[in-house]
Amino acid sequence: MSVLAYDLGATSGRALIGRLTDRKLVIEEIHRFPNDPVQVGAHLHWDILRLFHEMKQGLIQAKNANAGDLRSLAIDSWAVDVGFLDKNGELLGNPYHYRDHHTDGIMEEVFRFVPREEIFRRTGIQFLQINTIFQLYALKKADASVLAQAESMLMIPDLLRYFLTGERLGEFSNATTTQLYNPLTQSWDEILIEKLGLQASIFPQVTMPGTRAGEILPSIQEELGVPAIPVFTVAEHDTGSAVAAVPALTKDFAYLSCGTWSLMGTEVTEPVLTDEALELNFTNEGGVGGTYRLLKNIMGLWLLEECRRTWLKAGQSLSYEEMIAAAQEARPFRSLIDPDVDAFLNPVDMPQAIRDFCRETGQQEPQSVGETIRCILESLALKYRYVLEMTERLSGKTFEGLHMVGGGIKNAMLCQFTANALGKPVWAGPTEGSGIGNILVQYMALGDIQDIWEARSIVRDSFSIQTYEPQDAAQWQEAYERFTSILR
């Protein structure tokens with residue numbers, strides 16, 4: 001008997017079959033598809049109906065892949081973005097992409113009537129202009145028709161689950177990322193919602209990971225020739241699912257979920273709402289079993305992906321292997337960037353944005369592909385050290401090393417650079433962290449796995465973990481001192 005996980009990232013999606021036998025988990029990717037945003041006029045959107053179509057193809061592939069009778073399925077995806085349904089349950093327009101520019105300058109407007117200290121005290125979430133709170137206020141300010149017509153607001157995995165089941169339910173881990181959910185009352189924060197001039201009635205009931213949330217609609221059963229498969233919530237924010245799959249041996253561990261975004265932090269039982277957490281712009285996002293992920297967002301491999309996209313538009317087609325090979329030939333520490341400046345959020349030309357930053361900070365501008373990629377990877381590794389040190393301060397913990405999970409760990413150069421920068425070992429694996437965590441929580445909901453620690457033990461026994469030991473300590477320490485001097 002198998003379960004099906006849809007793991008949707010910001011650049012691609014996949015359908016994974018999971019089979020649990022004798023305390024070993026085996027996963028099989030049965031369908032992979034691109035997730036390309038679409039620019040229409042002045043706005044950037046997710047192609048949500050195409051994603052739903054691809055999910056249907058995943059169901060067909062599961063049916064044909066000798067998967068046996070699927071016991072359940074679940075969805076995880078990126079956070080913060082939402083879709084709206086009208087009174088008839090119809091979708092009101094394609095959801096905006098979090099990199100759309102309609103939130104430019106919105107944070108500062110909101111702070112004029114709701115102080116950031118109050119927002120953090122009520123939600124425990126870091127301040128990013130992409131957060132749902134600022135997206136909704138931007139729509140309110142623009143007098144967007146979707147808000148006037150909306151009867152329900154659903155986050156991306158909730159929306160796709162609604163398309164499958166007809167049930168309008170929210171999920172805890174993703175709800176917390178909106179910066180409108182209060183972890184102390186464990187409910188939507190009606191005071192913030194009222195101050196923003198939003199309708200509280202559009203916010204859905206929030207369920208915990210591992211809750212049954214309906215079954216495949218009869219119309220889809222007939223269309224695809226599949227049975228009434230139960231659908232569960234999991235940690236529907238993909239980072240929440242990835243953290244569930246961290247093969248940690250102890251409760252005091254640090255993780256890095258590495259992909260388009262890098263998310264670094266630790267797991268805590270209660271949100272950390274201190275003034276220092278606010279000052280350092282950390283976040284407290286929901287996890288499995290009522291836990292919280294004390295973490296910080298880092299720009300991640302978006303920097304590399306956007307450079308590759310820019311070079312491709314210029315007619316220079318490069319594989320990731322070719323880019324890494326070029327980086328290996330480049331001189332170390334020639335130039336460094338802060339990956340998290342606003343200029344890197346969604347520039348027209350990422351290599352030029354990197355050159356501009358280096359010029360403005362009095363450094364040599366990277367010119368070649370190799371110099372640019374090495375600049376990105378070294379800077380990310382150094383930012384990981386910076387954030388890990390802050391995580392230790394806030395949590396009161398000292399970490400012996402770092403667990404890295406997610407697709408980014410395929411980049412062995414980044415993993416090694418991270419170990420070098422930290423001066424601590426890096427344990428890399430598993431690659432499909434989010435999908436595996438999704439599958440594990442389904443098995444927990446089905447009663448086949450007792451709790452998250454048994455799940456993590458199964459991960460350790462089922463997947464290979466690559467250890468990277470630190471090297472070149474003196475060079476990396478010197479580079480770190482340079483790096484901290486250019487942080488803005």
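Which residues have the most contacts inside the largest nonpolar core?

**View 1. The largest nonpolar core of the predicted model.** This core comprises 149 residues. Those with the most contacts inside it are L4, L59, F84, F344 and I373. Helix α15, spanning residues 369-395, gives the most to the core, contributing 13 residues. In general, nonpolar side chains tend to be buried together in soluble globular proteins.

**View 2. The surroundings of F344.** Leaving aside residues up to four places away in sequence, F344 touches M299, W302, L303, I337, D338, P339, M350, A353, I354 and F357. Another core, of 22 residues, lies apart from the largest one; among its members are L16, A245, V441 and A455.

**View 3. An open sheet of seven strands.** The strands follow the order β17-β18-β16-β15-β19-β20-β21, and their pairing is mixed. Because β17 (283-286) and β21 (466-468) stand at the edges with a single partner strand each, one side of each has no neighbour in the sheet. From one strand to the next, the twist averages 30°.

**View 4. The pairing of β20 with β21.** Strand β20 (residues 426-428) pairs with β21 in the antiparallel sense, over three bridges. Within this pair, W427 stands opposite T467 of β21.

**View 5. Helices packed on the sheet.** Helix α15 touches β15 (254-258), β16 (262-268) and β18 (292-298), and its direction makes about 150° with that of β18. Helix α16 (residues 412-422) also packs on the sheet, where it touches β15, β19 (402-405), β20 and β21. The direction of α16 makes about 155° with that of β20.

Notes
Residues numbered from 1 in each chain as written. Predicted model: local features only at pLDDT ≥ 70, side-chain atom pairs only at ≥ 80, totals over all residues. Heavy atoms only, no water. Core = buried A, V, L, I, M, F, W, Y, C linked by side-chain atoms within 4.5 Å. Buried < 20%, exposed > 50% of the residue type's maximum accessible area, 1.4 Å probe, protein only. Helix = DSSP H or I, 4+ residues; strand = E, 2+ residues; numbered from the N terminus. Contact = heavy atoms within 4.5 Å. Pairing = 2+ DSSP bridges. Axes fitted to C-alpha atoms, helices over the stretch in contact; angles between N-to-C directions.
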